[in-house]
Structure formats: C-alpha cells, structure tokens
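Trainee: I'm new to this one. Could you show me how to read it, one feature at a time?

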Amino acid sequence: MTELAIETRGLTKQFDRHLAVSDLDLQVRVGEVYGLIGPNGAGKTTLLRMLATAEEATTGEIYIHGERLKRDHTNSSLKQRLGYLPDDFPLYNDLTVWDYLDYFARLYYLREPKRSRRLYDVLELVQLTNKRKSQISTLSRGMKQRLSLARTIIHEPLVLLLDEPVSGLDPIARMQFRDIIKSLHEAGMTIIISSHVLSDLEDFCTSIGIMELGYLVESASLQELYQRLSHQYILIGVWGKLEGLIEQLKNYPQVEGWEIIPQTQKVRVQFSGSQRDCAKLLRKLMTENIAITEFAPTQESLESIFLKLEHKQAS
Ligand SMILES: Nc1ncnc2c1ncn2[C@@H]1O[C@H](COP(=O)(O)OP(=O)(O)OP(=O)(O)O)[C@@H](O)[C@H]1O
C-alpha cells in the first residue's frame with residue numbers, strides 16, 4: 001500500500017457548542033491531489049487550519065508521513081514539510097514581488113546563493129519571472145494569488161494545503177493556477193485543495209472528499225468513483241442514413257440505450273463496456289460497412305456523478 005502523506009484519526013474541533021469538524025478520519029496518499037468539497041460552513045477551513053497547526057484540535061490526532069503532528073515546538077522539521085495557503089492571507093502591497101518572496105525565504109533561513117536560485121525557480125513556476133521588479137499593488141488578482149502560492153512553496157514543502165485558492169478568479173486566471181497545481185503534482189507534491197465548487201477541481205484531482213456539517217461524508221479516488229457510478233457515452237456520427245447504425249446497436253450487448261441527436265447524423269450511445277469493448281464496437285461497425293464520420297467515447301462528468309451521490313449542496 002502507498003504511504004499516507006496525511007492521516008487524521010478522530011479529528012474533532014468544537015467551538016463552544018458548535019462542532020465544526022466531527023470525528024474525522026482522513027487518509028491522503030503520497031502524491032495525491034485531494035479535492036475537498038463542501039458548502040460554506042462545512043468545516044473545510046477548520047480542517048485545513050488544524051492540518052497546518054494554525055488551529056488546535058479539540059480531540060483527535062494528525063499524522064504527516066506517519067509522524068504525529070503536534071502544535072508545540074517539538075516537531076518543527078515536520079511543520080517545515082507543510083505549506084499552507086489560507087483563503088485570506090494578506091500581501092504587502094508596497095513591496096516588490098522579489099522583495100516579498102525574499103522576505104519569506106529569509107524567514108525559512110534560506111541563504112545565498114541558494115535563496116536567489118530558489119526565488120528564480122519559484123517565480124518561473126508561477127509564471128511571474130517578468131514581474132519580479134513590480135510592486136505587488138500593480139498585480140492582477142490572478143497574479144497575486146500565484147504570488148501567494150509562490151510564498152507557500154518557497155521552502156519546498158512536501159504537503160500543500162490550499163484553502164479555496166481559485167475562488168474569485170476569472171476563468172483564465174483559474175486555468176493558469178490549475179496548470180501550476182498540475183506541475184506541482186507532477187513534481188510529486190501531495191496537495192489538498194478546497195473549494196465549494198466541484199467544477200473548480202474536476203480536471204486535476206486524483207481523489208475527492210466531501211464535507212457536510214463537519215463530517216467527511218465521502219472520500220474516494222476518482223477512479224473508484226468513476227467505476228462505481230459512471231456511465232460511458234459514445235457519440236457516433238455517420239455519413240448518410242442512421243438506420244444501418246441503429247440496426248447494429250440493437251444487437252450489441254453492451255449498448256444500454258441510445259438517443260438520436262435531432263438535426264444531425266449523430267447518435268449518443270450509452271455504453272457499459274470498457275475502452276477495449278469500445279474499440280471492438282468500432283471495428284464491428286466498420287466491418288458492417290457503416291460509414292462512420294465520428295466516434296467519440298466520453299466519460300460522464302464528475303458533476304453528474306456527484307449528483308448521484310446525493311450530496312446536492314456540495315455538487
Ligand atoms: N473561530 C471560530 N469560532 C466559532 N465558530 C467558528 C470559528 N471558526 C469557524 N467556526 C464555525 O465552524 C463552522 C465551520 O467553518 P469553516 O470556516 O471551517 O467552514 P468552511 O467549510 O471552510 O466554509 P467556507 O466555505 O465558508 O470557508 C462554521 O459554522 C463556522 O461558523
């Protein structure tokens with residue numbers, strides 16, 4: 001079994017009488033991008049704050065790479081492995097991008113020449129190299145968020161905790177931010193990223209957890225969710241009449257149904273087979289002389305899978 005980067009056991013946070021996080025057992029494997037979804041007030045921020053040691057747990061335990069994480073000063077090297085981007089971290093508007101990052105690098109005792117090299121590397125990763133001399137106040141919101149991410153990873157953490165990092169960003173800024181997360185994932189980092197919108201996370205998470213009212217109500221790898229709940233669809237286009245295609249579909253065991261798309265020569269087929277079965281269907285249609293112009297298998301979107309889980313608030 002792959003090593004766990006993050007594990008919590010019975011993690012609970014109570015504010016007065018209110019349970020913000022309730023008896024939570026979370027497991028995130030090394031190298032995962034774990035999307036934490038949940039409506040406002042579900043407990044995502046509180047959970048991330050506890051993982052980042054910014055908040056004390058009422059009860060329960062946290063393990064990072066198998067080592068118990070404590071809030072006291074006994075495990076500073078373990079804390080160094082964490083990078084935390086809160087949802088409201090202030091930037092110092094009067095500083096330049098370079099000076100800002102340099103300041104944080106010094107806090108982590110990075111010395112020259114390593115410090116400058118690290119700054120250049122991080123700036124390149126977040127695509128802000130040409131803005132290094134700009135004052136922070138002149139940056140766009142997307143650039144500021146990428147700069148915050150740069151600050152979060154300056155000390156090369158192994159585990160990254162990101163609280164709603166793309167909320168409030170426009171679609172292009174979101175895409176740029178997502179591309180950086182993908183690079184960090186490829187570099188082997190373990191990442192938890194929260195959002196109340198599933199579509200923000202869908203294209204790069206490897207696992208998803210759903211929180212509701214302090215509870216982790218679902219936690220699974222995307223692969224498992226797809227296997228459990230997804231249907232595959234194949235869009236098939238033909239040259240000429242559709243009758244020949246429909247005849248073939250009627251006799252094909254894994255075809256569960258189809259729908260003709262009006263005013264086109266296309267059919268949307270619901271298919272229960274694997275990728276290999278898909279290839280077999282295509283070969284069969286070709287040998288039956290069906291003039292295929294398009295054959296596009298598509299997996300059901302994560303959004304519609306989540307609706308089936310009936311966590312409607314989260315999806
Ligand atoms: N310091 C605090 N004192 C009292 N209650 C708190 C405190 N922090 C959070 N809460 C409560 O705990 C619950 C969970 O809040 P939390 O911010 O963790 O949720 P969230 O899922 O991150 O929501 P959002 O998407 O709005 O950030 C909420 O009901 C909130 O009001």
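Mentor: Two residues are in contact if their C-beta atoms, placed from the backbone, lie within 7 Å. In this protein, residues 24 or more positions apart account for 68% of the contacts with a separation of 6 or more. Keep in mind that this is a predicted model, where local features need pLDDT of at least 70, side-chain atom pairs count only at pLDDT 80 or more, and totals for chains, interfaces and linings use all residues. Residues are numbered from 1 along each chain as its sequence is written.

Trainee: What is the mean pLDDT of the protein?

Mentor: pLDDT is the predictor's confidence in each residue, from 0 to 100. Here the mean is 89, and 96% of the residues reach 70 or more. The model also scores ipTM 0.96 and pTM 0.80.

Trainee: How many helices and strands are there in the protein?

Mentor: Helices (H or I, at least four residues) and strands (E, at least two) are DSSP runs, numbered from the N terminus. This protein has 10 helices and 15 strands. Its C-alpha trace spans about 70 × 50 × 35 Å along the principal axes.

Trainee: And which domains does the assignment give?

Mentor: Domain bounds come from an automatic or database domain assignment. For this protein, that assignment gives domain 1 (4-227) and domain 2 (231-299). Taken over C-alpha atoms, the centres of the two domains are 43 Å apart.

Trainee: Now the ligand. Which residues surround it?

Mentor: A residue is near a molecule or strand if its C-beta atom, placed from the backbone, lies within 6 Å of it. The ligand is surrounded by Phe-15, His-18, Ala-20, Gly-38, Asn-40, Gly-41, Ala-42, Gly-43, Lys-44, Thr-45, Thr-46 and His-196. Strand S2 (18-24) and helix H1 (44-51) are the elements that give two or more residues to this shell, and H1 has the largest share, three residues.

Trainee: How do the shell residues divide into nonpolar, polar and charged?

Mentor: Ala, Val, Leu, Ile, Met, Phe, Trp, Tyr, Cys and Pro count as nonpolar, Asp, Glu, Lys and Arg as charged, and the others, Gly among them, as polar. Around this ligand, that makes three nonpolar, eight polar and one charged.

Trainee: Next, burial. What share of the residues is buried?

Mentor: A residue is buried if 20 or more other C-beta atoms lie within 10 Å of its own, exposed if 12 or fewer, and partly exposed in between, with C-beta atoms placed from the backbone. Buried residues make up 31% of the 315 residues here. None of the eight residues of S15 is buried, so the strand lies largely in the open. Thr-298 counts as exposed because it has 10 C-beta neighbours inside 10 Å. Not counting residues up to four places away in sequence, Thr-298 touches Tyr-233 and Leu-235.

Trainee: Which strand pairs with S15?

Mentor: Two strands pair if DSSP finds at least two bridges between them. Strand S12 (residues 232-238) and S15 pair in the antiparallel sense over seven bridges, and Ile-236 stands opposite Phe-295. Strand S13 (residues 255-261) and strand S14 (residues 266-271) also run antiparallel, joined by six bridges. Glu-259 stands opposite Arg-268 in S14. Four residues sit between the strands of this hairpin, where Gln-263 takes a positive phi near 60°.

Trainee: Which peptide bond is cis?

Mentor: Look at the bond from Glu-112 to Pro-113, with omega near 5°. Pro-113 is placed in the loop between H3 and H4. As for Glu-112, its C-alpha atom is 51 Å from that of Thr-298, 186 residues away along the chain.
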